[in-house]
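Here are my notes on the model you sent over.

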Amino acid sequence: MKKYGFGVDIGGTTCKIGLFETTGQLVEKWEIPTNTCEEGKNILPDIAASLHSKMEERKIGREEIVGIGIGLPGPVQPDGSVSLCVNLGWKNMNIPNEMKALLPEIPVKVGNDANVAALGEMWQGGGKGCKSLVMVTLGTGVGGGIIIDEKIVAGTHGAGGEIGHITVNPHESISCNCGRKGCLEQYCSATGIVRLTKERLAKEHETSLLDSAEKISTKVVFDAYKEGDKLAGEIVDKFAQILGRTLSNIACVTDPEVFVIGGGVSKAGEVLTQVLEKEFQEVAFPSCMDTRFALASLGNDAGIYGCVRLVLE
Ligand SMILES: [Zn+2]
């Protein structure tokens, strides 16, 4: 009987691995280093060895494993192949075929890390019980994942869900990491919020709690906002306006049940979903007005949950 599944979330420095029951119960999780030397040729063998030893340790047979789901930081083709994954050093590799040679008889599915995180949040996290959601990850950049009818929308080029690179300001002079100008993540990522705050603090302003902050972070900004600080309020309002309005446009295309907000910035808590929901409703298409906002709840484990959900399809 197929009782277990493995989720493997490959990052540039570590691979997070989870052993799950097919019911969604996490049995055990651990990490191994990602060895990116020699074009990352050891990454999959290292993972296979780790899974193999875990199966021996727990006396789990291959026939009990429904599959191995793998998430990785780059675009993935529908057949599980990757043409280029800069962070891992991979070029033109078919991951299911490679894994089949290492661990025969166990099915393998592969997805982009942001997309599988969204799937994980749908399955067991902030979007539990929903079939369609858009996940927004506010970290160093702005990531996204779109799930419609329980399926990842990866798109033709794997760029489906790259909401951080929606143009929100055509007049921006500074370039985004992607080479374009005026992308959402230039304003609404943690990096963007800190930049906007520092720029504002450098201009004339009333005394602010942020003047005495040792280091400007999104947490400091949201904490000051909760205290009623005027300058922090300006920043949070601007952030919420840009992101809330962008999400209202995304709702016109994807019409999700819920927007799940994750990443470091989401540590601000309920206040974040409240300000976004308010701005969203200011401009939302009438049919989308009751779209919910929820905080992501799986943190860094969203990826391994989503990877396992991939092999349950
Ligand atoms: Zn960009």
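1. Ground rules. This is a predicted model, so local features need pLDDT of at least 70 and side-chain atom pairs count only at pLDDT 80 or more, while totals for chains, interfaces and linings use all residues. Residues are numbered from 1 along each chain as its sequence is written, and side-chain values use heavy atoms, with hydrogens and water left out.

2. Zinc site. His165 (ND1), Cys176 (SG), Cys178 (SG) and Cys183 (SG) coordinate the zinc ion at 2.0 to 2.3 Å. Donors here are N, O and S atoms within 2.8 Å of the metal (3.2 Å for Na, K and Ca); water is not among the atoms, so sites may look incomplete. Along the chain the donors of the zinc ion are spaced H-x10-C-x1-C-x4-C.

3. Zinc geometry. The four donor atoms subtend angles of 106 to 117 degrees around the zinc ion, so the arrangement is tetrahedral (for four donors, all angles between 85 and 135 degrees). The cut-offs: buried is under 20% relative accessible area, exposed is over 50%, and partly exposed is in between (1.4 Å probe, protein chains only).

4. Largest core. A nonpolar core is a set of buried Ala, Val, Leu, Ile, Met, Phe, Trp, Tyr and Cys residues joined through side-chain atoms within 4.5 Å. The largest one has 41 residues, and Leu138, Phe239, Phe259 and Leu272 touch the most other members. Among the elements that each supply at least two residues of this core are strand 8 (133-138), helix 7 (218-226), helix 8 (230-254), strand 11 (258-262) and helix 9 (270-283). Helix 8 gives the most to this core, eleven residues. Helices (H or I, at least four residues) and strands (E, at least two) are DSSP runs, numbered from the N terminus. Another core, of 32 residues, lies apart from this one and includes Leu44, Leu51, Ile95 and Val108.

5. Phe259 up close. Leaving out residues up to four places away in sequence, phenylalanine 259 touches Val134, Leu247, Ile250, Ala251, Phe280, Thr291, Arg292, Phe293 and Ala294. Contact means heavy atoms within 4.5 Å.

6. Aromatic pairs. Rings of Phe, Tyr and Trp (its six-membered ring) pair if their centres lie within 6.5 Å; planes under 30 degrees apart count as stacked, over 60 as edge-to-face and the rest as tilted. By this rule there are seven aromatic pairs. Phenylalanine 6 and tryptophan 30 have ring centres 6.5 Å apart and planes at 90 degrees, so they are edge-to-face. Phenylalanine 6 is in strand 1 (residues 4-10) and tryptophan 30 in strand 3 (residues 26-33), so the pair ties together parts 24 residues apart in sequence. Phenylalanine 6 is buried at 1% relative accessibility, and tryptophan 30 is buried at 15%.

7. A second pair, and helix 10. Tryptophan 123 and tyrosine 305 are edge-to-face too, because their centres are 6.4 Å apart and their planes at 70 degrees. Tryptophan 123 sits in helix 4 (residues 113-124) and tyrosine 305 in helix 10 (residues 302-311), so this pair ties together parts 182 residues apart in sequence. Ten of the ten residues of helix 10 are buried, so the helix is largely enclosed by the rest of the structure.

8. Asn112. This asparagine is in strand 7 (residues 108-112) and is buried at 13% relative accessible area. A polar atom of the asparagine 112 side chain lies 3.0 Å from the backbone oxygen of glycine 74, and the side chain also reaches the backbone nitrogen of alanine 114 at 2.9 Å. A polar contact is a pair of N or O atoms within 3.5 Å; within protein, one must be able to donate a hydrogen and the other to accept it, and residues adjacent in sequence count only if both atoms are side-chain atoms.

9. Positive phi. Glutamate 39, in helix 1 (residues 37-40), has phi near 55 degrees and is exposed at 57% relative accessibility. Asparagine 92, in strand 6 (residues 90-94), has phi near 40 degrees and is exposed at 66%.

How values were computed: Tetrahedral: all angles 85-135°; square planar, octahedral: opposite > 155°, others 65-115°.
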